[in-house]
Amino acid sequence: MQVLSDTTFRKLGLQERTLATLAKNGYETPSPIQAKFIPIALTGRDCIGQARTGTGKTAAFMLPSMENVDLTTPAVQILVLAPTRELSEQLLVESKKLCGGRLRLALGVGGRPIHKQIQDIANGAMVVIGTPGRIIDLLRRGNLVLDKLKVLVLDEADRMLDIGFRPDIERIIKQCPSKRQTLLLSATMPDVVERLAQKYMTNPDMVDLSEANMVVDTIEQYYVTVDEDRKRSLLLRVIAQEKPAQAIVFTRTKRGADKLLEVFSRRLKSDRIAAIHGDLPQGKRDRVIKDLRAGKLRLLIATDVVGRGIDISGISHIINYDIPEYCDDYVHRVGRAGRLSSAENGRAITFVRLDQGGELTNIEMRINTVLPEYRVDGFEAYRPKELRQREIRKFGA
Ligand code: AMP
């Protein structure tokens, strides 16, 4: 997405020192979500922003929240809940930049030593960012106290609910003061998210930057029909033809991801390929993301839950090796390419089996676009039905 907006950060009502920090970090113009969300959030009202990662949403909710922090109160005043560790860590890095060293921040995520997190909170953290499970832990142990909380942020609310965090989120909300500001960010707005908003937010304003349009604007999207047993050959051909700078290949299952990695590390004779999914130990996951960010990896094979939190600007291609199970996942996956601050547009190519035509149509309806067919020169990715039947008659199934 390009940073297109005819306003300035100054006009949004941010304080001088925030403006200076933004300038120092190279933020010249607000992104569309920032332009709309910041003025509302600065008033202290509850606000819902429909935007995905990569649109500048972190600054959209962090800048106004941080303006209201009372520096003389060494207590947690902002709590940000996010679905994954990776996203929480990205939020932390971005927030540190945005506060220009003024605030103390702490992380609260699983898979990391809890003692360090407890220490950071005890040292007077004003902002805590984390995943619901670990935040509950910290609350239970009494290390995290929310009675001075001013702003609660629910980031990627749709995904948090998707992966079953609803009870945890509700438990956390119940420990927040009822007089607070609640900001909710979500790439999509399914009923479950709306219900959560209705229950725990007060007359929220809605900033809707239609996800579907944003994906269409920035990313060239295609589908390609393929027989299951030709998917691997097709992937090799696509890579040869596209020469992606960096690509994420999405599979539906962890086993599928591992299997592809095994086959492709051999076939491509390259160490610039890795896989990431929920079963990998945290240290390994971190290393993979670091290598991807540093440009050491060219191909990353990922499943939805982990893959979707990846916020890296160099991704040129998304390949849906398995068509996503849910239309919303399509939007999330494709959103990994052609990110803000990336000079070039991305490309997304979705592999579709003949029996998955209905699933493709659902996606097309979701993004309100008919996808063109992708062609690989000199390669038939599927055999027409009649031909296959003839082969079966001739050679047996
Ligand atoms: P986010 O959607 O918050 O994950 O942001 C995606 C990336 O865009 C991050 O690397 C930010 O540092 C960067 N970014 C966000 N807002 C702006 C802006 N207004 N100008 C330039 N870069 C930005």
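1. A residue is called buried when its relative accessible area is under 20%. In this predicted model, buried residues make up 55% of the 397 residues in the protein chain. The chain holds 17 helices and 13 strands, and among its contacts with a separation of 6 or more, 77% are accounted for by residues 24 or more positions apart. The points below take up some of these helices, strands and contacts in turn.

2. The axes of helix 6, residues 132–140, and helix 8, residues 166–174, come within 9 Å and cross at roughly 40°, which makes helix 6 oblique to helix 8. In terms of handedness, the crossing of helix 6 with helix 8 is left-handed. On the side of helix 6 the residues that meet the partner are P132, G133, I135, I136, L139 and R140, and on the side of helix 8 they are D168, I169, R171 and I172. Sorted by class, the residues of this contact between helix 6 and helix 8 comprise six nonpolar, one polar and three charged.

3. Helix 8 also has a contact with helix 9, residues 191–200, and here the two axes come within 12 Å and cross at roughly 15°. Angles under 35 degrees count as roughly parallel, and helix 8 is therefore described as roughly parallel to helix 9. The crossing of helix 8 and helix 9 is right-handed, while that of helix 6 and helix 8 is left-handed. From helix 8 the contact with helix 9 takes R166, I169, E170, I173 and K174, and from helix 9 it takes V192, L196, K199 and Y200. By class this contact of helix 8 with helix 9 has five nonpolar and four charged residues, with no polar ones. A student tracing helix 8 in the model may note that I169 is listed in the contact with helix 6 and also in the contact with helix 9.

4. How many aromatic pairs does a search of the whole structure find? The search finds two. One of them joins Y222 and Y374, whose rings are edge-to-face, at 5.6 Å centre to centre and with 70° between the planes. Y222 lies in strand 8, residues 219–225, whereas Y374 lies in the loop between helix 16 (357–367) and helix 17 (385–395), so the pair ties together parts that are 152 residues apart in sequence. Both Y222 and Y374 are buried.

5. The other pair is formed by Y321 and F351, and it is tilted, with 5.8 Å centre to centre and 45° between the planes. Y321 belongs to the loop between strand 12 (317–320) and helix 15 (327–334), and F351 belongs to strand 13, residues 346–352, so this pair ties together parts that are 30 residues apart in sequence. Y321 and F351 are each buried.

6. I40 is found in helix 2, residues 32–42, and counts as buried because its relative accessible area is 19%, a value under the 20% cut-off. I48 is found in strand 1, residues 47–50, and is buried at 7% relative accessibility. Leaving aside neighbours within four places in sequence, I40 is in contact with R45, C47, D205 and V207. With the corresponding residues up to four places away left out, I48 touches F37, L184, M189, A197, M201, P204, D205, M206 and V207. Computed along the chain, I40 and L12 are 28 residues apart, and their C-alpha atoms are 9.3 Å apart in space; I48 and T182 are 134 residues apart along the chain, with their C-alpha atoms separated by 8.6 Å.

7. Is E89 buried or exposed? E89, which is found in helix 4, residues 85–99, counts as buried because its relative accessibility is 18%. Not counting residues up to four places away in sequence, E89 touches L107, V109, R112 and D286.

How values were computed:
Residues numbered from 1 in each chain as written. Predicted model: local features only at pLDDT ≥ 70, side-chain atom pairs only at ≥ 80, totals over all residues. Heavy atoms only, no water. Axes fitted to C-alpha atoms, helices over the stretch in contact; angles between N-to-C directions. Helix = DSSP H or I, 4+ residues; strand = E, 2+ residues; numbered from the N terminus. Parallel < 35°, antiparallel > 145°, perpendicular 65-115°, else oblique. Left-handed = near helix turned anticlockwise from the far one by under 90°. Contact = heavy atoms within 4.5 Å. Nonpolar A, V, L, I, M, F, W, Y, C, P; charged D, E, K, R; others polar. Phe/Tyr/Trp six-rings, centres within 6.5 Å; stacked < 30°, edge-to-face > 60°. Buried < 20%, exposed > 50% of the residue type's maximum accessible area, 1.4 Å probe, protein only.
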